[in-house]
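Let's take a walk through a protein model together. Have a look at the sequence and the fold, then read on.

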Amino acid sequence: MWAAGFDKSNQSRYWQDAAQKCAAIKNSGEFELLPIEESKRLFKGKTKESIFEFELNRNYGNLSRYVNLGQWMTHSPIVNYGANSDLFFTAPLMERIYPPNLPDKRRDTWFYLPYINNQTFMFLKQINVADPTGDWIFEDNLMIFRYADVLLLGAEALANSGNNTEAINMLNMVRTRAGANLYNPGTENLSDAIFWERQKELIGEGHRWYDFVRTGRVTDPNQAITYLTQEQFDRGAWTWPIDQRPG
């Protein structure tokens, strides 16, 4: 899917290949979507929703501080850190991703005061706290791929390939688990619906920027808050900056 975003002449082949691989994972019967209420178990790791993850467990000497947003966006009583977190998602962003008038268990489960727009906000998606005092050690595994991500990638690839029926089926599997409204072809553009479903489902897991880049939406000021001009994008402004000066 990443290659399809840059190799325009071979997009169709990449989309078809991705769609086939995602369908194979779906049809294998090896994976399942856990209830949203079991998110804490999901991010602790080793569930049937996980496809590829890195384990963090201090009993095995695997520790990393401030590796997930839960360590920046929680406060008492989750950790002994007073009444304010270090960071918060702004209200306009939260309202764009999770419209207040629409049902969504992810918003209701993963956030405390989601639209408050100040540091009393909390992000509760990854809160397996091993030490709530001192170093505030969290033991949420690093999810590289999980089943919901693959379903939505598959939906995107299928929609891009013209197979809307199966794309909607995969999209609605994720929406059903989230208690969200099913896709309505009469009111939503399918490609947009899948893209924003990824923003809802994978928030805080390190996918957002890459999704904006590979789909070209990073140059659209109506979709990206910190957008790039096409000229900036072409010069590589979406990449990690490396100083070009000698020495």
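In which strand is Ile51 found? It sits in β1, where a strand is a DSSP run of E with at least two residues, numbered from the N terminus. Before going further, note that this is a predicted model, where local features need pLDDT of at least 70, side-chain atom pairs count only at pLDDT 80 or more, and totals for chains, interfaces and linings use all residues. Residues are numbered from 1 along each chain as its sequence is written, and side-chain values use heavy atoms, leaving out hydrogens and water.

Now for Ile51 itself: with a relative accessible area of 30%, Ile51 is partly exposed, which lies between buried (under 20%) and exposed (over 50%), using a 1.4 Å probe and protein chains only.

Let's zoom out to the whole chain. You'll find 10 helices and 6 strands in the chain; helices are DSSP runs of H or I with at least four residues. The chain's radius of gyration is 19 Å, close to the 18 Å that the globule rule gives for 247 residues, so the chain is as compact as a globular protein of that length. That radius is taken over C-alpha atoms, and the rule is 2.2 Å times the number of residues to the power 0.38. The C-alpha trace spans about 55 × 55 × 40 Å along its principal axes.

What about the inside? Buried residues account for 43% of the 247 residues. As for contacts (heavy atoms within 4.5 Å), take those between residues at least 6 apart in sequence: 59% of them join residues at least 24 apart.
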